[in-house]
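Here is a friendly walk through the structure shown below. Have the sequence and the 3D view at hand as you read.

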Amino acid sequence: MTVIEARGLRKAFGTTIALDGVNLRVEEGRILGLIGPNGAGKTTALNAILGLTQYQGELTVLGRDPWTERDQLMREVCFIADVAVLPRWLRVSQALDYLAGVHPRFARAKAEGFLAKTNIRPANKVRELSKGMVTQLHLALVMAIDARLLVLDEPTLGLDILYRKEFYDSLLNDYFDRSRTIVVTTHQVEEVQHILTDLMFINRGRIVLNCSMEEFESRYLEVMVHPEQLVAARALKPIQERHVLGRSTLLFDHVDRQQLASLGEVHTPSIADVFVAVMGNQAGPAQGAAR
Amino acid sequence: MNMPSNATPESPRDPQVLAPTVISATRRMYWSVRRELWESRSIYIAPLAVAALILVGFLLSTIHLPEKMRAALALNPMQQHELIAQPYNFAELLIMGTTFIVAVFYCLDALYGERRDRSILFWKSLPVSDLTTVLSKASIPLVVLPLVTFAITVVTQGIMLLLGTAVLLGSGRSAAMLWTHLPLWRMSLGLLYHLVAIHALWYAPIFGWLLLVSAWARRAPFLWAALPLLAIGFVEKIAFNTSHFAAMLGHRMSGPEGAASTAGKMSMDSMMQGTLGQFLLSPGLWIGLGVTALFLAAAVRLRRQREPI
């Protein structure tokens, strides 16, 4: 079942084109990472999916038009925009009351169960909680909603490494199953690499890479090349060459693994490295530092 | 308590088993209004604080009460009534003024504050429509604050009357004159009429305008609410040397025909007798309500489109 389907999605802010004809299809049970430099259109794409911004082109989320049916859509969709959006005056108990009051798929007991494992107390106000605890609270609220699609826009921005790790761990262990779908954008690519099933690079409002993680792993290979093999390796047209601690690391796209194995140690590259290579080759020096 | 089907801890692996609870529009509205009361506690704290101050002041003034009652005996019934009712009318006016100011500031922040602190992204992630949200916010000045004003005023006046009675009885005098001049029941009815007719219905376009500006402004909603009105008045004056717009605003602020003279005079008996029909038939009321509906509809649209600041 298709959860998100977009065709020719466009959005311009004045003369700036945020989305330039994006085609996108996300199936149920996938965890899609939407990766791109700042200003690439990630948040605009998510906002369109969530019914927060108007757009041109066709877009359906769970069979609905997000712009005109946001409130119905939100019965089955959850999102965490970033850590700063829970109102500071809100008490934890009030948040639970309110969600139980307005959300048909919110299981209060479940949220209380998640919160019991933290240091957050029902009487706490959001303003009294640390940034990490606010994220824990938001995650507890969201995970207690039986949603079909969860959208995360930089959910761990500004958090320390412990909270970041815990965030994705609980998401995977306590929430995700094959009937749910997650779309996540983040700059901390290395933290999500192992949880993603699909990957999408977006730049200047266009999708520049769209593949499953299996495809990604078979398509991109990184080789720590022996110095004597360097000329041979370069002949295979690596998409990127780096020098780390005196060794050359070359990144290849669509090159046979057996062939590369003779040149040196072959690894699956990190998304971040492929991202830098793809963006650098795609857009010239201005985008090269996007990492 | 509300969700028996969801309340039992379920394994997260079989979410499809849970039947989603049906949530009525009324319930969403109820919780949205409660949400407003959680956020803006000044809705009831400000008038309560004023009422407490009034009671303290009144308590101190009761030292002179027996004296005042003796002086009142020399006056004619009309003057008598004015003298005795004065602190009660004053209390009413003060509480009403407070809640009006609270309403103005509440409206200016209602749809602006949530964009400024980005919490609109959280509220919009929940299945509550923009219409429900805007109506719940409009219900604060139009329904909740008039009711709060009514309850607090009646209780305050009741306590004042009991205090006065106690002081008079304590000094060995009869409190009968106090009770004949302060018909609490009729005063409350008059107050309720005034609150519904003026504060809720007649002032509705004022609150509608403030909510609209609050949904629209990127900064300084207070200035955006006031300056365009001043500008229109000035342009009209310069261009046509007329001041219809200013007169219209003044008319809206001072109350409908016939009410202006009694607005400050809280006996309100005269207002209730015969003026109800006149009020309901006045075009100003219905034009005002129509304009309010337009303002609120525009605020709903804006809330849908506007992004966090």
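A:Gln240, in chain A of this predicted model, stands opposite A:Leu251 in β12(A). The two strands concerned, β11(A) and strand β12 (residues 247–253) of chain A, run antiparallel and are joined by 5 bridges. They also form a hairpin with 2 residues between the strands, where A:Leu245 takes a positive phi near 50 degrees.

Strand β10 (residues 220–225) of chain A pairs with β13(A) in the antiparallel sense over 4 bridges. In that pairing, A:Val225 stands opposite A:Gly264 in β13(A).

**The six-stranded sheet of chain A**

Chain A also holds an open sheet of 6 strands, ordered β5-β6-β7-β3-β8-β9, and its pairing is mixed. Here β5 (77–80) and β9 (206–212) of chain A are the edge strands, and because each has a single partner strand, one side of each is left without a neighbour in the sheet. Neighbouring strands of this sheet are turned by 15 degrees against each other on average, direction ignored.

β5(A) and β6(A) pair in the parallel sense over 4 bridges, and A:Phe79 has A:Val151 in β6(A) as its bridge partner. Next, strand β6 (residues 149–153) of chain A runs parallel to strand β7 (residues 181–185) of chain A, with 5 bridges joining them. A:Leu152 has its bridge partner, A:Val184, in β7(A).

Helix α1 (residues 42–49) of chain A packs on this sheet, where it touches β3 (31–35), β6, β7 and β8 (198–203) of chain A. The direction of this helix makes about 150 degrees with that of β6(A).

| Strand pair | Sense | Bridges |
|---|---|---|
| β5(A) and β6(A) | parallel | 4 bridges |
| β6(A) and β7(A) | parallel | 5 bridges |
| β10(A) and β13(A) | antiparallel | 4 bridges |
| β11(A) and β12(A) | antiparallel | 5 bridges |

**A helix pair in chain B**

Now turn to chain B. The axes of helix α5 (residues 77–110) and helix α11 (residues 204–216) of chain B come within 6 Å and cross at roughly 30 degrees. That angle is why α5(B) counts as roughly parallel to α11(B). From α5(B), the residues B:Ala103, B:Val104, B:Cys107, B:Leu108, B:Asp109 and B:Ala110 take part, meeting B:Phe207, B:Leu210, B:Leu211, B:Val213 and B:Ser214 in α11(B). These contact residues divide into 9 nonpolar, 1 polar and 1 charged.

**Where the two chains meet**

How many residues does each chain bring to the contact? Chain B gives 35 residues and chain A gives 35 residues. On the side of chain B that touches chain A, α1 (4–7), α2 (25–39) and α7 (120–123) of chain B each supply at least two residues. The largest share of that side, 6 residues, comes from α2(B). By kind, the residues of the side of chain B that touches chain A divide into 16 nonpolar, 9 polar and 10 charged.

For the complex, the predictor gives an ipTM of 0.88 and a pTM of 0.87. Chain A averages a pLDDT of 89, with 96% of the residues scoring at least 70. Among the elements of chain A, helix α3 (residues 92–102) has the highest mean pLDDT (96) and helix α11 (residues 271–283) the lowest (83). Over residues 284–291 of chain A the pLDDT is below 50, and this stretch has 11 contacts in the model beyond near neighbours in sequence.

Chain B has a mean pLDDT of 86, and 88% of its residues reach 70 or more. Among its elements, α11(B) has the highest mean pLDDT (96), and α1(B) the lowest (41). The pLDDT is below 50 over residues 1–17 of chain B, and it stays under 50 over residues 260–268 of chain B.

Note on methods
Residues numbered from 1 in each chain as written. Chains lettered and ligands numbered in written order. Predicted model: local features only at pLDDT ≥ 70, side-chain atom pairs only at ≥ 80, totals over all residues. Contact = placed C-beta atoms within 7 Å. Nonpolar A, V, L, I, M, F, W, Y, C, P; charged D, E, K, R; others polar. Pairing = 2+ DSSP bridges. Axes fitted to C-alpha atoms, helices over the stretch in contact; angles between N-to-C directions. Parallel < 35°, antiparallel > 145°, perpendicular 65-115°, else oblique. pLDDT = per-residue confidence, 0-100.
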